[in-house]
Amino acid sequence: MEKLIYLLDRATTAGTLQHFLLGDALTNLREAGAVNFTINIANLDKDVSVVAPQRIAGPWDTIGAVVSVWTDTVDRHPAYLNTLAAIGCEVHGYLVTESVPQPCDTTWPEGERRPGVTQFTAHGKPANVADADFYRNWAAHTELSFQLHPDRWSYVRNAVTRPLTEHAPPYRALVLEHFRSLQDFTDEDRYFGDPAIVQQMYEELPGFCDFNTMTTGPMSEYHFT
């Protein structure tokens with residue numbers, strides 16, 4: 001099985017995009033052979049920007065949704081791309097490898113909004129960092145992140161193997177971190193742990209994160225098998 005992630009822009013409203021992705025798009029993706037969907041919608045900006053504008057960074061207004069699917073072959077990508085592009089959004093696709101350093105049990109009904117908020121982050125690899133160092137430093141940051149975000153609910157790390165669409169942003173990391181409540185995400189004292197760990201994080205970021213390409217922000221999440 002292979003995992004594909006698609007980023008859709010904001011050519012339509014969040015409500016329209018949500019209706020499409022949870023309806024016709026989901027049906028058509030299934031018919032084209034995709035399974036095990038995670039759909040994230042960027043519809044929490046107003047809730048977050050008023051109380052914690054620092055949680056939104058980079059060209060966040062270019063991302064309207066993130067759709068993750070599993071498939072028996074990446075060769076089905078053209079059908080998935082056509083399905084998602086039908087809403088009129090620009091779509092960028094990536095073939096990725098998934099790691100789940102912090103899993104969680106699904107305790108909410110399939111198709112219902114996952115409680116809380118998902119933080120989606122995408123970034124490239126710094127040009128002066130070798131591939132081996134990039135992966136090693138990212139793994140070290142993953143371990144540190146448990147202390148950085150002690151109230152985090154789950155963490156899914158996707159390393160980009162290659163882009164599937166022309167002109168896709170040069171992302172190497174596509175990350176989903178989930179928090180049980182909006183307050184866990186927006187309250188600085190609940191979002192971060194020890195200030196010394198926060199300082200260590202900022203010092204280590206240049207070892208794996210290209211700030212020129214990084215974007216991050218809040219999303220609503222839905223799961224389907």
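Guide: E221 and R114 are both buried in this predicted model. The two residues form a salt bridge, with their closest N and O atoms 3.0 Å apart. E221 belongs to strand β8, which covers residues 210–224, while R114 sits in the loop between β4 and β5; the pair thus links distant parts of the chain, 107 residues apart. Side chains of opposite charge can pair when their charged atoms come close. The structure holds 10 salt bridges, and two others deserve attention beside this one.

One of them joins R30 to E110, where the closest N and O atoms are 3.9 Å apart.

D184 is buried, because its relative accessible area is 10%, and R190 is partly exposed, because its relative accessible area is 34%.

F37 is placed in strand β2 and counts as buried because its relative accessibility is 1%. Leaving aside neighbours within four places in sequence, the contacts of F37 include R30, together with L26 and L29. Further along the chain, F37 touches S68 and V69, and also Y222, H223, F224 and T225. For a sense of distance, F37 and D9 are 28 residues apart in sequence, and their C-alpha atoms are 18 Å apart in space.

Most residues other than glycine have a negative phi, and most peptide bonds are trans. N36, although not a glycine, has a positive phi of about 50°. With a relative accessibility of 41%, N36 counts as partly exposed. A positive phi is also found at H167, of about 70°, and H167 is likewise not a glycine. H167 is located in the loop between β6 (152–163) and β7 (173–179). Its relative accessibility of 66% is the reason H167 counts as exposed.

Two packed helices are described by the angle between their axes and the distance between the axes. Helix α1, residues 14–31, packs with helix α3, residues 77–85, at an angle of about 155°, and the axes are 9 Å apart. Because of that angle, α1 is roughly antiparallel to α3. The crossing of these two helices, α1 and α3, is right-handed. On the α1 side, the residues that meet α3 are F20, L21, A25, N28 and L29; on the α3 side they are Y80, T83 and L84. Sorted by class, the contact of α1 with α3 comprises six nonpolar residues, two polar residues and no charged ones. L29, which takes part in the contact with α3, is also among the residues in contact with F37.

Helix α4, residues 131–148, and helix α7, residues 195–204, have axes that come within 9 Å and cross at roughly 150°. The two helices α4 and α7 are therefore roughly antiparallel to each other, and the crossing of α4 with α7 is left-handed. From α4, the residues H141, L144, Q147 and L148 meet I197, V198, Q200, M201 and E204 of α7. By class, the residues of this contact of α4 with α7 are five nonpolar, three polar and one charged.

A140 also belongs to helix α4. Because its relative accessibility is 42%, A140 counts as partly exposed. A140 and E204 are 64 residues apart along the chain, and their C-alpha atoms are separated by 9.1 Å. E204 is itself one of the α7 residues that meet α4.

Definitions and conventions:
Residues are numbered from 1 along each chain as its sequence is written. This is a predicted model: local features need pLDDT of at least 70, side-chain atom pairs count only at pLDDT 80 or more; totals for chains, interfaces and linings use all residues. Side-chain values use heavy atoms; hydrogens and water are left out. Axes are lines fitted to C-alpha atoms, for helices over the stretch in contact, and angles run from 0 to 180 degrees between N-to-C directions. Helices (H or I, at least four residues) and strands (E, at least two) are DSSP runs, numbered from the N terminus. Angles under 35 degrees count as roughly parallel, over 145 as roughly antiparallel, 65 to 115 as roughly perpendicular and the rest as oblique. A crossing is left-handed if the near helix is turned anticlockwise from the far one by less than a right angle, and right-handed if clockwise. Contact means heavy atoms within 4.5 Å. Ala, Val, Leu, Ile, Met, Phe, Trp, Tyr, Cys and Pro count as nonpolar, Asp, Glu, Lys and Arg as charged, and the others, Gly among them, as polar. A salt bridge is a side-chain nitrogen of Lys or Arg within 4 Å of a carboxyl oxygen of Asp or Glu. Buried means under 20% relative accessible area, exposed over 50%, partly exposed in between (1.4 Å probe, protein chains only).
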